[in-house]
Amino acid sequence: MDKTSPILVTGANGFIGKNLCVELSNLGYENLMRFDIDTPKQQLAEFCKKAQFVFHLAGVNRPKDPTEFYEGNRGLTEQLLHLLQQAGNPAPVLITSSTQATLDNDYGKSKAEAEQLLYAHAETNKSNVYVFRLPGVFGKWCRPAYNSVVATFCHNIAHGLPIEVRDPAYSFPLVYIDDVVRCFIDAMEGKVCCDRSVQPVCMVTPVHEVTLGRLAELIQSFRASRTTLAAPNMGDAFEKKLYSTYLSYLPTDQFAYDLKMNCDARGSFTEFLRTPERGQVSVNISNPGIVKGNHWHHTKNEKFLVVKGEAVIRFRKVGTSEVIEYPVSGEKLQVVDIPTGYTHNIENVGSGELVTVMWANEPFDPDHPDTFFEPV
C-alpha cells in the first residue's frame, strides 16, 4: 500500500490503536484517519468514503450493562460496514475479535456476531477481510485495573501495591503488542496467512502460554532486580517482552536507583548486573598510583575496559617470571582479556581517576571465589 493512502483506525486512542498508529507513523504512513469515542459521529462517514484500508479496533469489553457489548461490538461494526457500503468503498477491513468468540458469554457472542457481519460484508462487497481472534494482549500503554492482568500486576508491583493471585496454576495465552501490530501491518501489506478452513480467522504469533503464578513471580523478580542486580533472561522471548512491559509502568520518579559502592582509600568497586548464564558486570574506580588485583583464577575469566584515565594492566603466568604489560587509556577504548592461570593487576598511572568496566564470566560466589592472591 502506498504510504500516502488514507488508512482508517477506529479505537485509535485505545491500547492497541495507539500502538498501531505510532508504528504506522514510524513506517512513514502519512494519512491516518483516527476515530475514537470522542470523535464526532458524522466524521466516520467521511472517513469511510476515503479509506483504502480499515483497522476496526473499537469495541467494548468492560461495560456496566451486558447490552453494551452488543451495541459497542456488533452495533458499531454494523454502522461502519453500512457506511463503507453506502460509500461504495470495497476497502479491506481488519477487525479485532477475541478467542472468546467461541464461548457462550455476552462478550464472546457480541464478538462472534461482529465477525459474521464482516464475513457477510466481504461476500456482498467483494472486500478482503481479516478477523483476528486475540487472546490477552500485553505491552506498554495498556490500562491497569481494567481488563489486563499483566497491566494490573506490572502497575501494582512497580508501585509497591498488593496483587491477588487466586489460582497460581491457572494457565492462559498471551500475545505481545509489538507482535500484534506487526501482524496487523503484515495483513494490510498482504503478507498475512489466515486459517480459511471454515472462515478466514487470523491469529497473532507467537503465542506465549503462562501461569498466573509464574507471571506474578517474574514481575516481582523484576522489581527485586534493583537489589539483587539480577538481569532478566533475555534469551526467553516472553520474559524479555514482559520486562520491557514492566519498565513502562515504573513511577516517573523511580526510573533511577542507587547501587552499593564498596569504597576505601583506593577508590571504589560497584557491581552493576549479575546473571547466572552471562556473568557479572562491575565498575571499578581507582585513585592515582593505586594498584588493584594481584590475584589469579582457575576458571573465572574477565574482560577489562578502561573508559577514563590511564592504566597499565600486568600479567604473569603462574610459575614463571616474565611480566607482560598492556598500557590502556580511556582515549582509545580497548578490551583486555584476563586469561586463567595468569596473576594480574591494574595500576592507575594517570593523574586523575581511573574508571574500568569489568566483566566476569560468573557472578562472584563467596563460597567458591576462585581467586588466589599472588603478586605479579
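A polar contact is a pair of N or O atoms within 3.5 Å. One such contact in this predicted model involves Thr-39: a polar atom of its side chain lies 2.8 Å from the backbone nitrogen of Asp-36. The points below cover that loop, the cysteines and a pair of strands.

**The loop at Thr-39**
- Thr-39 sits in the loop that runs between β2 (32–35) and α2 (41–50).
- Thr-39 has a relative accessibility of 14%, so it counts as buried, the cut-off being under 20%.

**Cysteines**
- The whole structure holds zero disulfides.
- A disulfide needs two cysteine sulfur atoms within 2.5 Å.
- For Cys-154, the closest cysteine sulfur belongs to Cys-142. The two sulfurs are 9.4 Å apart, so they are too far from each other for a bond.
- Cys-154 is buried, because its relative accessibility is 0%.
- Cys-263 is exposed, because its relative accessibility is 56%; the cut-off for exposed is over 50%.

**Strands β10 and β11**
- Strand β10 covers residues 261–264, and strand β11 covers residues 267–275.
- The two strands run antiparallel and are joined by four bridges.
- A hairpin of two residues links β10 to β11.
- In a regular strand, side chains alternate between the two faces of the sheet.

Methods: Residues are numbered from 1 along each chain as its sequence is written. This is a predicted model: local features need pLDDT of at least 70, side-chain atom pairs count only at pLDDT 80 or more; totals for chains, interfaces and linings use all residues. Side-chain values use heavy atoms; hydrogens and water are left out. Buried means under 20% relative accessible area, exposed over 50%, partly exposed in between (1.4 Å probe, protein chains only). A polar contact is a pair of N or O atoms within 3.5 Å; within protein, one must be able to donate a hydrogen and the other to accept it, and residues adjacent in sequence count only if both atoms are side-chain atoms. Two strands pair if DSSP finds at least two bridges between them.
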